[in-house]
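The following questions and answers concern the structure shown below. Please read them alongside the sequence and the coordinates.

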2 protein chains.
Amino acid sequence: MFSFSLEHTDGASRARLGRIRTAHGEIRTPVFMPVGTQGTVKSLTPEDLRELGAEVILANTYHLYLRPGHERIRRLGGLHRFMHWEYPILTDSGGYQVFSLGALRKISAEGVSFRSHLDGSSHFLTPESVVEIQEALGSDIAMCLDECTPYPVTPEEARHSLELTRDWARRCRRAHQSESQALFGIVQGSVFQDLRRESAEAIMEIGFDGYALGGLSVGEPSGERLEVIEATLPLLPADRPRYLMGLGTPEDLVEGVARGADLFDCVLPTRNARNGMLFTRRGRVIIKNAVYADDPQPLDPECACYTCRNYSRAYLRHLYLAKELLSYRLNTGHNLHYFMELMRDIRQAVADDRFREFKDNFYQKRKES
Amino acid sequence: MFSFSLEHTDGASRARLGRIRTAHGEIRTPVFMPVGTQGTVKSLTPEDLRELGAEVILANTYHLYLRPGHERIRRLGGLHRFMHWEYPILTDSGGYQVFSLGALRKISAEGVSFRSHLDGSSHFLTPESVVEIQEALGSDIAMCLDECTPYPVTPEEARHSLELTRDWARRCRRAHQSESQALFGIVQGSVFQDLRRESAEAIMEIGFDGYALGGLSVGEPSGERLEVIEATLPLLPADRPRYLMGLGTPEDLVEGVARGADLFDCVLPTRNARNGMLFTRRGRVIIKNAVYADDPQPLDPECACYTCRNYSRAYLRHLYLAKELLSYRLNTGHNLHYFMELMRDIRQAVADDRFREFKDNFYQKRKES
């Protein structure tokens, strides 16, 4: 059911063009996955997402497990039917959300116990249960339970963490039964290149349909992040998709692709949209600023999205200040359009063997503004 | 620019079929106007509204005057362009909102002073300024400033109030200059039929493009409301549109049409949607109820709206409980579809001279459930 084909590698960088096939259709990589935490990409319909060019979305296992419950979603025909999205879905393992609970959770070799952020109820997740939950949701790509190493940690802590992640990955692999669902392994090791290599080798030895780098964008300096990505991605098998978890900014996407990454997810475009921070070719726009109060121009005059075709900055500012529901929708549509178009442009540049040139232009435009 | 033609009157009731022509297109009556308080019908785009069949929307002068300001909207090309709605718009006078401020406002013969609900700033609106504001907004139909008589009042208070409304109507008529904008007068008089008659005669003597009944749905028993409507509407000229302000429920619409009303507006479908109360042919659905948790059926199996074609009650309940933005949008779309379809069915029934039969069926279906 699941396969990946590497279709082209850029002549002057590690940027790759690929195609993932799933039971719910194809994904052209490199790809950005909009985040639909609770079974909906906030404010948008599946039709909106397709029109924006989304080919795969990410849903959060932790949230759906707690509400409405994975067994309920299974009974209702799976997550695709539940949310009326018939295209590929990747589910995370829920680990990242659980670890973010801080004092509300406790980790052991067996698994992780935590209290719900919704009602304080007690829960225990294991590598096996996390696989079972994702099989119940019926996503196309499931992720192993991992411990997301925080930043900073000592090398000793990072090693202990990656060993736990490795043991859990083995248990996930054994527990996984679905033939229509892919399972991805996660490489940890914080910012230590030798530990990243050790983790990558252990995870590859278990063997997965794809490989992810976890524990990035958790507070480490961007220079260290890029070094880890640059050193670790080439260790992974070229014939499997590579997923940079939780990244990122437009810059993260460009730099990640340059180093050979295929999949990305981040709440940045959608969350920032709701906070009135909008991405444009010339940089970021804070729409509440008074300078836009009488501005009849579209947000980004070069943008062809629905928002930019039909509304002025003045109107977008008004909606934002009035906390109107349409504000979230128009802003989210614009930001996702920006991210989707960026990825389309990236894919075209890789196909044309001119990714290096594309990258230079990308930064040049930002400097000009 | 503005005209109304009465096209048909039902054989067995006072229900009428008509057509309003404005600078921004036609409105087939009887019609329900979705409320777009702050220059947006909450959660929906203008394209959504057209797809739902909306031909005219209502915007609130009070809100737009305070934020973003009518002069700003004028500079930006008027409300139609500002909000990207190129079809007819009716603006209220702002009077109702100001009177709802209670202790924050003070009425004199000259006008009404009040403090903004947004920032406490002081404002003074007169019949003349209310006309000027609506001309700046550029709506197709403007309303006179009136005093919305509360319920209950003594006949003496009601008379004093309707005299103020009459004086203000004269001043509005004199102040109004736009040739592309219609101006409607408002009949007050509370639940007293003789005072309603007196008010109607005074307002008609001034002469307006259309006539509204105000001061209804403010707490009076529905029996008294219907008697006032039944007694007052026939006093108004048959060749002018008649607007029942602030009504209503589906029952209000059916009963209003039966008595000869042409225009309606109400926040009910949109506000209730956001509160999870949904209209169906079989009555009202409270979507948060536990009975819907595992229900795979559409909200209303007979409904052809986007929400009912694509989502289950279980999903709608999930979105509502999770306070997801898509909940407001899917619920609003459904409720407005219900109201728009109800009005389409009403118009067809009037055209076919079977409105009485339609009305019987309407109530029969509700009894069955």
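**Sheet, domains, interface and core**

Q: What is the strand order of the open sheet of 3 strands in chain B?
A: The pairing in this open sheet of 3 strands is antiparallel; strands are DSSP runs of E of at least two residues, helices are runs of H or I of at least four, both numbered from the N terminus, and two strands pair if DSSP finds at least two bridges between them. The model is predicted: local features need pLDDT of at least 70, side-chain atom pairs count only at pLDDT 80 or more, and totals for chains, interfaces and linings use all residues. Residues are numbered from 1 along each chain as its sequence is written, with chains lettered from A and ligands numbered from 1 in the order in which they are written. The order in chain B is β7-β8-β9.

Q: Which strands of chain B are the edge strands of this sheet?
A: An edge strand here pairs on one side only. The edge strands of chain B are β7 (105-107) and β9 (122-125).

Q: Which residue is the bridge partner of Lys106(B) in β8(B)?
A: β7(B) pairs with β8 (residues 112-115) of chain B in the antiparallel sense, over 3 bridges. Within β8(B), the partner of Lys106(B) is Ser113(B).

Q: Which element gives the most to the side of domain 1 of chain A that touches domain 2 of chain A?
A: An automatic or database domain assignment divides chain A into domain 1 (3-266) and domain 2 (268-363). Their contact takes 30 residues from domain 1 of chain A and 24 residues from domain 2 of chain A, where contact requires C-beta atoms, placed from the backbone, within 7 Å. On the domain 1 side, β2 (16-22), β4 (31-33), α1 (46-52) and α10 (250-258) of chain A each supply at least two residues. With 5 residues, the element that gives the most is α10(A).

Q: Which element gives the most to the side of chain B that touches chain A?
A: The contact takes 30 residues from chain B and 30 residues from chain A. Elements giving two or more residues on the chain B side are α3 (70-75), α4 (79-83), α13 (313-321) and α14 (325-351) of chain B. The most, 5 residues, comes from α13(B).

Q: How many residues has the largest nonpolar core?
A: Such a core joins buried Ala, Val, Leu, Ile, Met, Phe, Trp, Tyr and Cys residues through C-beta atoms within 7 Å, buried meaning 20 or more other C-beta atoms within 10 Å of a residue's own. Ile57(A), Phe184(A), Ile57(B) and Phe184(B) have the most contacts inside the core. The largest nonpolar core has 213 residues.

Definitions and conventions
Contact = placed C-beta atoms within 7 Å. Buried ≥ 20, exposed ≤ 12 C-beta atoms within 10 Å, placed from the backbone.
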